[in-house]
Amino acid sequence: MAKCEICNKELKFGIQVSHSHRRSNRTWKPNVKKVKAIVNGTPCRVNVCTRCLRSGKVTRAV
């Protein structure tokens, strides 16, 4: 679900630390959008992170 098909960016795990220093597990999800893009000359829907969209690694189909 939360994985970029271009750069393989996916979930990251870590620890959330409160003000009183109680620790609990948490996750960071990448900002992934479902976009109609041109892959191998044909338009299809792919899950792409916004960093790949901004940098031009993906050409969007109109």
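Which strand does V46 lie in? Select V46 in your viewer and you will land in strand β4. Keep in mind as you look around that this is a predicted model.

**Stop 1: V46 and its surroundings**

With V46 still selected, colour the model by accessibility. V46 counts as buried because its relative accessibility is 9%, and the cut-off for buried is under 20%. Now show what touches V46. Setting aside neighbours within four places in sequence, its contacts are E5, K33, K34, V35, A37 and V39. Pick E5 from that group and draw a distance between the two C-alpha atoms: E5 and V46 are 6.9 Å apart in space, although 41 residues separate them in sequence.

**Stop 2: the largest nonpolar core**

Next, select C4, A37, V46, V48, C49, C52 and V58 together. These 7 residues make up the largest nonpolar core. Which strand gives this core its largest share? Strand β4, spanning residues 42–49, supplies 3 of the residues. As general background, nonpolar side chains tend to be buried together in soluble globular proteins.

**Stop 3: the cysteines**

Is C4 buried or exposed? Its relative accessibility is 0%, so C4 counts as buried. Now look at its sulfur atom. The closest cysteine sulfur belongs to C7 and is 3.6 Å away, which is too far for a bond. A disulfide is a covalent bond between the sulfur atoms of two cysteines. How many disulfides does the structure hold? The count is 0.

Move on to C52, another member of the core. C52 is in no disulfide either; the nearest cysteine sulfur, in C49, lies 3.6 Å away. At 2% relative accessibility, C52 counts as buried. Show its contacts, again leaving out neighbours within four places in sequence, and you will find C4, I6, C7, K57 and V58.

**Stop 4: K12, out in the open**

For the last stop, select K12, found in strand β1, which covers residues 12–17. Is K12 buried or exposed? K12 is exposed, because its relative accessible area is 53% and the cut-off for exposed is over 50%. K12 still has partners to display: beyond its neighbours within four places in sequence, it is in contact with R26, T27 and W28. Finally, draw a C-alpha to C-alpha distance from K12 to P30. The two are 18 residues apart in sequence and 8.5 Å apart in space.

Conventions. Residues are numbered from 1 along each chain as its sequence is written. This is a predicted model: local features need pLDDT of at least 70, side-chain atom pairs count only at pLDDT 80 or more; totals for chains, interfaces and linings use all residues. Side-chain values use heavy atoms; hydrogens and water are left out. A nonpolar core is a set of buried Ala, Val, Leu, Ile, Met, Phe, Trp, Tyr and Cys residues joined through side-chain atoms within 4.5 Å. Buried means under 20% relative accessible area, exposed over 50%, partly exposed in between (1.4 Å probe, protein chains only). Helices (H or I, at least four residues) and strands (E, at least two) are DSSP runs, numbered from the N terminus. Contact means heavy atoms within 4.5 Å. A disulfide is a pair of cysteine sulfur atoms within 2.5 Å.
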